[in-house]
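Dear colleague,

Please find below the structure that I am handing over to you. I would be grateful if you would look through it before reading the notes that come after it.

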Amino acid sequence: MVRLYTDDLSIGYGEQLIIKDLSVQIPNQKITTIIGPNGCGKSTLLKAITRIISHQSGAVVLDGKNVAKENTKILAKKMAILPQTPESASGLTVGELVSYGRFPYQTGFGRLSKKDYEVIDWALQMTNTSSFKYLPVDSLSGGQRQRVWIAMALAQETEIIFLDEPTTYLDMAHQLEVLELLQQLNKEEKRTIVMVLHDLNQAARFADYIVALKAGHIVKAGSCEEVITKEVLRGVFNIDAEIGIDPRTGKPMCISYDLFKGEK
Amino acid sequence: MGFLRYFCRKDTTMKTSIQFSLKFVIGLIFLFVMFGISMVYGAASTSLQDVWQALFSNVKSDSINILRELRLPREVAAILVGAALAVAGAIMQGVTRNPLADPGLLGLTSGANAALAISLALIPGINYFGITIACFIGAAVGAVMVFGIGAMKKGGFSPLRIVLAGAAVSAFLYAIADGVGIYFKISKDVSMWTAGGLIGTSWSQLQMISPFIALGIIVALILSRQLTILSLNEEVAVGLGQKTTQTKTFLFVVVILLAGASVALVGNMAFVGLMVPHIVRAIVGTDYRLIIPMSVIAGAILMLLADTIGRTINIPYETPVAAIIAIMGLPFFLVIVRKGGRVFQ
């Protein structure tokens, strides 16, 4: 039984729809990756599913309830969101930032309970950021900062975590570090992960389920083997791709690609 | 001190909470000292003993009456306005994540000013309550105009663009106020209200205005935790389960109350709301549960200081307190522009 799905979801204003009648199911306890060219509506879809932006018609359904009508605090205990490259106030410490993940569980002036402190420490440990606890967030490197934000999402104790391009602006090693952390959370903690990624090979390597978008509709959704194919990549990115098998992971990978000439 | 414990307990660690109580108490001591200084020094210098008698006895004499009826209401007004503008500035900076936000720079003050002029022109003999309400409406209109212009271009909420919009809208609204003043031959009345600063503040005015400022500050304290989350990032706030539209609406009303009430009391006053939150952040960090109460104290101290300087720097003439604040505020503004909001780093 799929917990989260969209039903004929349309997003946009008036006649200008960014996403039109999109229905997708997010498999439980798997890593789902949304791919597609710039401007295809990947981030928009992610934001609509997580109620950051409202949609025009259709519905997002979580546990049988319409997300648009559900209490936002209850939702915040079920799904956490890491927006694209969030900035933090200067001087904010790592411990403080992660403690804000407990916001949905607090009332009134928000005094942290013993349980809150335990969860915060656990989230820091999971993301290997305990040693930064008292450092200002803006003194950290890009990769460390991303891990701290993931720790905040973890402190929210949600089964589902959404991330919008979590590897942007990171070098290759740090990209891998973030993705491996997410994989570990999926495998060990059984978290459902939904993320937008730019890199096809990273998507193929880490995702169980890939949703390929183009111009606001789904070209193909399925396993890596079903989506990372010559035909789908032509349809989505308009590229002529050479698909091979990654000798280390056994997953499909795009070895080389060209633009289709004369078809712009 | 129950109040103190209430606000300190909720911090992340016991250590920082003790640190904050200490800073808060030191701030309060500074405030009392500054209040004492401002009461003693002035065109007619008085002694500490007179001040004591004026505050805590029924003794009547000329110098004590001056203190009771002229200087005391004036310094109480300085405390209220300083606190109100500082809190309004802190809220605006938090909500817009714009380090240059200030009620005086973003059209609220000039809007209240224009509304004041129009209400004096159209409703002869309008009472003080009516003027206060007009100031609230004007502040709201000014703010909506500035943010409306800022939002016209996509991605338009850049700090400097908003400040430019604020400058343009303020110039326009001041021109309206001047125009109305000249046309209806009431410019003297208008300038008495708006440029008078703290001179001539009466107890009856304070009675009228102080509930609005108190209400604004209390609601700001209640919403301070929401403001901290909102100041991080709007999408993060939604993700954490905040009703952001509702929170922002409440905070907007609080800012309008505080800025409008300040104009009704002292007229135009820029830079207090800009400077104080930056200074306070350097002392207590980025949590608005600490920033708001500390801004109350620091704003009050700054206004008392500016008013005392204004009264004593060129005796027997008064230097307008707005000018004193502007002299301090402008360099501050330039530093913030240059450092992108990180003044003390």
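Confidence

Please bear in mind that this is a predicted model. For the complex, the predictor reports an ipTM of 0.88 and a pTM of 0.88. The average pLDDT of chain B is 85, and 91% of its residues score at least 70. Residues 1–14 of chain B call for separate mention: pLDDT stays under 50 there, and the model has 20 contacts beyond four places in sequence for this stretch.

Strand β3 of chain A

Strand β3 of chain A spans residues 31–35. Five of its five residues are buried, so the strand is largely enclosed by the rest of the structure. The side chains are divided between two directions: A:Ile31, A:Thr33 and A:Ile35 point one way, while A:Thr32 and A:Ile34 point the other way.

Two strands of chain A pair with β3(A). Strand β8 (residues 192–196) runs parallel to β3(A) and is joined to it by four bridges. Strand β9 (residues 209–214) is likewise parallel to β3(A), again with four bridges. A:Thr33 takes part on both sides, standing opposite A:Met195 in β8(A) and opposite A:Ile210 in β9(A).

Residue B:Leu265

In chain B, B:Leu265 belongs to helix α12, which comprises residues 244–266. This residue has 28 C-beta neighbours inside 10 Å and therefore counts as buried, the cut-off being 20 or more. Leaving aside residues up to four places away in sequence, B:Leu265 touches B:Ala77, B:Leu80, B:Val81, B:Thr201, B:Gln205 and B:Ile209. B:Ala300 is 35 residues from B:Leu265 along the chain, and the C-alpha atoms of the two are separated by 14 Å.

Helices α13 and α14 of chain B

Helix α13 (residues 272–284) and helix α14 (residues 288–312) of chain B pack with their axes 9 Å apart, at an angle of about 125°. The crossing of α13(B) past α14(B) is right-handed. Residues of α13(B) that meet α14(B) include B:Val272, B:Met275, B:Ile279 and B:Ile283. On the α14(B) side, the residues met include B:Leu290, B:Met294, B:Ala298 and B:Leu302.

Yours sincerely

Notes. Residues numbered from 1 in each chain as written. Chains lettered and ligands numbered in written order. Predicted model: local features only at pLDDT ≥ 70, side-chain atom pairs only at ≥ 80, totals over all residues. Buried ≥ 20, exposed ≤ 12 C-beta atoms within 10 Å, placed from the backbone. Pairing = 2+ DSSP bridges. pLDDT = per-residue confidence, 0-100. Contact = placed C-beta atoms within 7 Å. Axes fitted to C-alpha atoms, helices over the stretch in contact; angles between N-to-C directions. Left-handed = near helix turned anticlockwise from the far one by under 90°.
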